[in-house]
Amino acid sequence: MSFNFSNAVQRHQCALLKTVSLCAVVAILAGYSGWAAQTAEADALVKEQMAEAAHAANPGPYATDGVFTGTAQGYGGPVTMQVTVEDGWITDVQIADASLEDPPWLEMADVLPERIIEAQSPNIDVVSGATFTSTGILNGVTNALIESMNGGGANGQ
């Protein structure tokens, strides 16, 4: 008995078509995933460049450049924030001291400095579940920015 290739293909035609279709779908999804990642990266770069251009063309809303500190009550105690203002724009926000805060709530609220820089304002939402710690961070930044608006005092450069 000899092997007939044509008969074998006909018997397994459905399985072959499914396999080829599956390979095509996987290849399309892999290509789309790579394209989507490149597009997201390019969009983020353009957004960053637009913000830099806007900052370079216009002075920011904060009166005095420098590094300012502000303290406010958090959940466990005082929260001291350090805010850097350059060309009137908030360029850096750091939690300088929150040693009395409970670590889990502080960790949850750790996203706020980046959000403050994005918004160029402490007028953002608190982190749910870390409301009092968030409030301490936001009010500490507000107090630091008030220092900037008042001409800097001893903390401004």
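Colleague: Where is S121 placed?
Modeller: S121 sits in the loop between α4 (112–119) and α5; helices here are DSSP runs of H or I with at least four residues, strands are E runs of at least two, and both are numbered from the N terminus. This is a predicted model, where local features need pLDDT of at least 70, side-chain atom pairs count only at pLDDT 80 or more, and totals for chains, interfaces and linings use all residues. Residues are numbered from 1 along each chain as its sequence is written, and side-chain values use heavy atoms, with hydrogens and water left out.

Colleague: Is S121 buried or exposed?
Modeller: Buried, with a relative accessible area of 14%. The cut-offs are under 20% for buried, over 50% for exposed, and partly exposed in between, with a 1.4 Å probe and protein chains only.

Colleague: And what does S121 touch?
Modeller: Leaving out residues up to four places away in sequence, S121 touches Y62, I90 and I116. Contact here means heavy atoms within 4.5 Å.

Colleague: What about Q120, what is its phi?
Modeller: Phi of Q120 is near 55°, a positive value in a residue other than glycine. Most residues other than glycine have a negative phi. Q120 also lies in the loop between α4 and α5, and at 11% relative accessibility Q120 counts as buried.

Colleague: Which residue in the hairpin of β2 and β3 takes a positive phi?
Modeller: That would be D87, with phi near 55°. The hairpin has two residues between the strands, and D87 is found in the loop between β2 and β3. D87 is exposed, at a relative accessible area of 57%.

Colleague: How many bridges join β2 to β3?
Modeller: Seven, joining strand β2 (residues 78–86) to strand β3 (residues 89–97), and the two run antiparallel. Strands count as paired if DSSP finds at least two bridges between them.

Colleague: How many bridges for β1 and β2?
Modeller: Eight bridges, again in the antiparallel sense. β1 and β2 form a hairpin with four residues between them. Q73 has P78 as its bridge partner in β2, while F68 stands opposite V83 in β2.

Colleague: Which side chains of β1 point to the buried face?
Modeller: In strand β1 (residues 66–73), G66, F68, G70 and A72 point to one face and are buried.

Colleague: Switching to the core, which residues touch the most other members?
Modeller: The largest nonpolar core has 20 residues, and V83, I90, V93, L112, I116, V141 and L145 touch the most other members. β2, β3, α4 and α5 each supply at least two residues of this core, and α5 gives the most, with five residues. A nonpolar core is a set of buried Ala, Val, Leu, Ile, Met, Phe, Trp, Tyr and Cys residues joined through side-chain atoms within 4.5 Å. In soluble globular proteins, nonpolar side chains tend to be buried together.

Colleague: What does L112 touch?
Modeller: L112 touches I124, D125, V127, S134, I137 and L138, not counting residues up to four places away in sequence.

Colleague: And which residues is L106 in contact with?
Modeller: L106, found in helix α3 (residues 103–109), is in contact with I95, A98, E101, T133 and I137, leaving aside neighbours within four places in sequence. L106 and I95 are 11 residues apart in sequence and 9.7 Å apart in space, C-alpha to C-alpha.

Colleague: Which residues form the nonpolar patch on the surface?
Modeller: Y75, W105, M108 and F132 form it, with about 430 Å² of accessible area together. Areas come from the Shrake-Rupley method with a 1.4 Å probe, and for residues only the protein chains shown count as cover. Patches are made of residues with over 30% relative accessible area and no salt bridge, joining like charges within 9 Å and nonpolar side chains (Val, Leu, Ile, Met, Phe, Trp, Tyr) within 5 Å. A salt bridge is a side-chain nitrogen of Lys or Arg within 4 Å of a carboxyl oxygen of Asp or Glu.

Colleague: Where is F132 placed?
Modeller: F132 is in helix α5 (residues 131–149), and F132 is exposed, with a relative accessible area of 58%.
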